[in-house]
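This report looks at how the chains of one structure are arranged and how they touch. Please view the sequence and the model first.

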Amino acid sequence: MDEIATHFAVERLLARYVACIDDDRLEEWPAFFAERCRYQIISSENYEKKLPIGVFIATSQGMLKDRVAALREANIYEAQRYRHLVSSILILDNDKGIVRAQSNYHVVRIMQDGATALFSTGRYLDRINLNGAAPVFEEKIVVCDSRRIDTLLAIPL
Amino acid sequence: MDEIATHFAVERLLARYVACIDDDRLEEWPAFFAERCRYQIISSENYEKKLPIGVFIATSQGMLKDRVAALREANIYEAQRYRHLVSSILILDNDKGIVRAQSNYHVVRIMQDGATALFSTGRYLDRINLNGAAPVFEEKIVVCDSRRIDTLLAIPL
Amino acid sequence: MDEIATHFAVERLLARYVACIDDDRLEEWPAFFAERCRYQIISSENYEKKLPIGVFIATSQGMLKDRVAALREANIYEAQRYRHLVSSILILDNDKGIVRAQSNYHVVRIMQDGATALFSTGRYLDRINLNGAAPVFEEKIVVCDSRRIDTLLAIPL
């Protein structure tokens, strides 16, 4: 796969990923990850200090499914929606279809009463496997710029 | 046209579309649509409930021209500007050059005194005809995340 | 280079450019410009009135290096970070690898205490030389939508 095709595959995966979350199709969200994977939300400060303190961490697709089940149970998801924008995707490395990519995001949160506010900004640091039938995240580290992250964090980023 | 070329054509159309609005070249805006078209601004809530209640709806290029004339008449356009960001474009279907695409947007509004605020977030649901000399929207549904939409809605989204 | 490859080269340059700023690797920032260049931050109002009043202007890579040195000296950079999103890239002209391009940006500023706010929105108007070993900006005009720009402007946009 050439450089442009690789970029396009990553861009498309990210577009499908954020559409899944923004459309509240959370049951489909774990399938974007490999069976054994790493999904972590961490503040920029802790990430740079290499402090292993994440707001949320999961190391398997099963844990992501549990997370969604817990969210549905709590019914928190009804109270809010997200709208992701992602840009400035960079392919950092491509080792036989195992791609490291980074991108920037802004996420806006829309509450049920219509109140809209910037919720989180940061970077996605992804390791993506492009070799399967559909590309999947082997690792997705969400590095949030602000240390002030809503500890509830109802919806995945 | 292959997948990447189709994506590129849609991305370029959307980029030209938002540049036209953000540059206040509203007189050029109706030409982005087919003669018979559907342009609708609707809240996410009404869209999902399939309630046919749109903040604004037009079914021809002529109606869009009337809209622009009304805006110019009212001189409201002088008081504000928009800045669109669009990302996460997905081609959902391509039937011989008739393409269904969706994308995410964040729009910031800048008032004449410089005050800047997030104005609207949401999705574009587009049906685009790529077969003509220039691509045009046959349908553009702007699904706003928030029910709180400024009813004036001076500028198109 | 065909249209898609040119677009991709410009998109990649912009992605690397904003990653450099957002990662606080400011010492690498001047190398994105040609030795003789033009980097200007100007309000939309002054840009449209063709008033030669810029918030900041530099006409060589050396001036950009001086700027970074001054920022490091002042230690202001520690107090804040940016997160850029860039979209709607349009190639306006391509004269043998000298490309004129425009794009939209939203920049969020994150203060050290975690406070996050929309800092600047606007357009990049770029003249890019794609003929060298790495693409460089010959001209980058940052047209800010709001006249209310923080005069300190610690970090480049």
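How much area do chain C and chain A bury between them, and what share of it is on carbon and sulfur atoms? The answer comes under the second heading below. The model is predicted.

## Arrangement of the chains

Chain C can be superposed on chain A by a rotation of 120 degrees, with 0.0 Å of shift along the axis and an RMSD of 0.0 Å. This is the relation of a three-fold axis. Within chain C, Ser87(C) has the C-alpha nearest the axis, at 3.9 Å from it.

The copies meet through different surfaces, because only 17% of the interface residues of chain C are also interface residues in chain A. The two contacts of chain C are therefore described one after the other.

About 2000 Å² is buried between chain C and chain A, and 56% of it is on carbon and sulfur atoms. Three residues, Phe8(C), Arg83(C) and Leu85(C), supply 34% of the area that chain C buries against chain A, which is more than any other three residues supply. In terms of residues, 24 of chain C are in contact with 24 of chain A.

Three salt bridges are found across the interface of chain C and chain A. In one salt bridge, the side chain of Glu48(A) meets that of Arg81(C), with 3.4 Å from N to O. There are also 11 residue pairs in polar contact between chain C and chain A, counting pairs with both residues at pLDDT 80 or more. On the side of chain C that touches chain A, the elements that give two or more residues are H1, E3 and E4 of chain C. H1(C) gives the largest share, 10 residues. Sorted by class, this side of chain C has 11 nonpolar, five polar and eight charged residues.

## Where chain C meets chain B

Which three residues of chain C supply 25% of the area that it buries against chain B? The contact itself takes 24 residues from chain C and 24 residues from chain B. The area buried between chain C and chain B is about 2000 Å², with 55% from carbon and sulfur atoms. Ile4(C), Leu90(C) and His106(C) supply that 25%, more than any other three residues.

Between chain C and chain B the count is three salt bridges. The side chains of Glu3(C) and Arg12(B) form a salt bridge, at 3.4 Å from N to O. The count of residue pairs in polar contact between chain C and chain B is 11, with both residues at pLDDT 80 or more. Helix H1 (3-22), helix H2 (44-48), strand E3 (80-95), strand E4 (98-111) and strand E5 (116-129) of chain C each give two or more residues to the side that touches chain B. The largest share of this side, six residues, comes from E3(C). By class, the side has seven nonpolar, 10 polar and seven charged residues.

## Salt bridges between chains

Side chains of opposite charge can pair when their charged atoms come close. Over all chains, a search of the whole structure finds 40 salt bridges. One of the pairs is Arg81(A) with Glu48(B), at 3.5 Å from N to O. This pair crosses between chains, from strand E3 (residues 80-95) of chain A to helix H2 (residues 44-48) of chain B. Arg81(A) counts as partly exposed, at 25% relative accessibility, and Glu48(B) also counts as partly exposed, at 42%.

The side chains of Arg81(B) and Glu48(C) meet in a salt bridge as well, at 3.5 Å from N to O. Here the crossing runs from strand E3 (residues 80-95) of chain B to helix H2 of chain C. Arg81(B) is partly exposed at 23% relative accessibility, and Glu48(C) is partly exposed with a relative accessible area of 42%.

## A salt bridge within chain C

Arg72(C) and Glu27(C) meet through their side chains in a salt bridge of 2.7 Å, N to O. The pair links distant parts of the chain, 45 residues apart: Arg72(C) is in helix H3 (residues 61-74), and Glu27(C) is in the loop between H1 and strand E1 (33-43).

Notes:
Residues numbered from 1 in each chain as written. Chains lettered and ligands numbered in written order. Predicted model: local features only at pLDDT ≥ 70, side-chain atom pairs only at ≥ 80, totals over all residues. Heavy atoms only, no water. Least-squares fit on C-alpha atoms with pLDDT ≥ 70 in both. Contact = heavy atoms within 4.5 Å. Buried area = accessible area lost by both parts, 1.4 Å probe. Salt bridge = Lys/Arg side-chain N within 4 Å of Asp/Glu carboxyl O. Polar contact = N/O pair within 3.5 Å; in protein donor to acceptor, adjacent residues only side chain to side chain. Helix = DSSP H or I, 4+ residues; strand = E, 2+ residues; numbered from the N terminus. Nonpolar A, V, L, I, M, F, W, Y, C, P; charged D, E, K, R; others polar. Buried < 20%, exposed > 50% of the residue type's maximum accessible area, 1.4 Å probe, protein only.
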